[in-house]
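Here are my notes for a first look at this entry. Please read them with the model open beside you.

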Amino acid sequence: MKALVYEGPRRVAVKDVPDARIERSTDVLVRITSTNICGSDLHMYEGRTDMQPGRVLGHENLGEVVEVGDGVDQVQVGDMVVMPFNVACGFCENCEQGLTAFCLLSNPDPKIGGAAFGFADMGPYQGGQAELLRVPYGDFNCLKLPEDARDVRKQRDYVMLADIFPTGWHATQLACVQPGDNVVIYGGGPVGQMAALSCKIKTTAQTMIVDRHPDRLALAEKVGAIPINDAECDPVERVMELTNGKGADRGCECIGYQAHDPQGHEDPSMALNRLVNSVRFAGTIGVVGVYVPQDPGGANDLAKQGKVGFDFGMFWFKGQTMGTGQCNVKNYNRRLLDLISAGKAKPSYIVSHELPLTEAPNAYQHFDSREPGWTKVILHPDGGGSNPSV
Ligand SMILES: NC(=O)c1ccc[n+]([C@@H]2O[C@H](COP(=O)([O-])OP(=O)(O)OC[C@H]3O[C@@H](n4cnc5c(N)ncnc54)[C@H](O)[C@@H]3O)[C@@H](O)[C@H]2O)c1
Ligand SMILES: [Zn+2]
Ligand SMILES: [Zn+2]
């Protein structure tokens, strides 16, 4: 089959690799029709993880079931399904509680809780930027989609259920966002956009979003967010102005350890400390941007060890609470699917490009440079949807 293979920093290629296949009786085999490039793929693409060359990328996957193992009960050949980026067993102590991002069985390394498709340090599973994907624990990890999912245009919304829509939602859950809250989101990439959409669904009073890319800020305005361009103003001061000097009730971090200033100087503490200063006393913060235990490519000695110069004194003094971590996609995807089906959420508003898989190396380059107009890329391994105008 054709698949997008990681070859080294900023080098990916579409290659022929052995077909994905059923390996255990609980596996499901999916022919991928839509698969996204994610901001998390860029950490790997840039060589800022220990991703092994030769592995297939892609963890935001949707397609049609083509084969099921003998032990699979409810998923059937022909079903259209979307998979969480997490690979989870469904029956360990953490999965039982909905904490599927920290599954205790799916990662063969007993020191690591949680696994994912095509991801550094998250188990041996191949990604879905490929013609075929093996889905372990298929009954648990496949979410069946309605019939209209056969329409590639509808897949634009449904494929966001694999990761970023639930992850944006998770940021607002970790931050305890309630109707009427003032919320500040740092990062206007796909995840920040989905946090803004989640705030709209939860009916916040004001949703403020901080970034420096005018196209991304303009996109967030479409779902009612107030844009704050940190290349033009001090974002903390702006949040204070908009909240009568009180600070936002809730804050969402949707950037991660490669946070930088508008000139490109990296500082993994930057967004976290701005959040502490933008959020009110006793406010709550959700951090879904990825931070890593080691970062040999980090900007300073602290960062290289995965450590952050966090303003803990101010955080403590303000009595704030922070939630962190990978999203438990399975915990939210069915309800968010219902919102899409009912026409109450249309996450596809961020899609800028739909391309055949063969265009993936080119697309990685553009998306990695955060070029204007490259907000979210969907790849079609079956070649469908090659029209970039959506
Ligand atoms: N927790 C999870 O389960 C999960 C899931 C998906 C993605 N992620 C992570 O979420 C983060 C965002 O993903 P994305 O797809 O939106 O990626 P992205 O890189 O496209 O978006 C990040 C945005 O942050 C902006 N930014 C950088 N530094 C900033 C700063 N100091 N202040 C304000 N904005 C700043 C960038 O301009 C960019 O628009 C990544 O770290 C990704 O790995 C986490
Ligand atoms: Zn992702
Ligand atoms: Zn589990």
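**Notes on the sheet and the ligand shell**

1. Start with one pair of residues: Cys 252 stands opposite Gly 286 in S12. This is a predicted model. The strands involved are S11 (residues 248–253) and S12 (residues 279–287), which pair in the parallel sense over five bridges.

2. Now widen the view. S11 and S12 belong to an open sheet of six strands, ordered S10-S9-S8-S11-S12-S13, with parallel pairing. Strand S10 (226–229) and strand S13 (321–324) are the edges, each pairing on one side only. On average, neighbouring strands are turned by 20° against each other, direction ignored.

3. Which helices lie across the sheet strands? H5 lies across S11, S12 and S13, at about 150° to S12. Helix H7 (residues 214–221) lies across S9 and S10, at about 165° to S10.

4. An unreviewed UniProt entry places the feature "domain: Alcohol dehydrogenase-like C-terminal" at residues 190–322. That span is 36% helix and 20% strand, and its end C-alpha atoms lie 22 Å apart.

5. Turn to ligand 1. It is surrounded by 34 residues, and the closest are Gly 39, Ser 40, Gly 187, Gly 189 and Gly 256. By type, the shell holds 15 nonpolar, 13 polar and six charged residues.

6. Where does the shell come from? Domain 1 (2–163 + 328–380) and domain 2 (167–324) each supply at least three residues. Helix H1 (39–45), helix H5 (164–174), helix H6 (190–202), strand S9 (206–211) and helix H9 (270–278) each give at least two. H1 gives the most, with four residues.

Notes: Residues numbered from 1 in each chain as written. Chains lettered and ligands numbered in written order. Predicted model: local features only at pLDDT ≥ 70, side-chain atom pairs only at ≥ 80, totals over all residues. UniProt positions renumbered as here; feature names shortened; annotations may be inferred. Near = placed C-beta within 6 Å. Nonpolar A, V, L, I, M, F, W, Y, C, P; charged D, E, K, R; others polar. Domains from an automatic or database assignment. Pairing = 2+ DSSP bridges. Axes fitted to C-alpha atoms, helices over the stretch in contact; angles between N-to-C directions. Contact = placed C-beta atoms within 7 Å.
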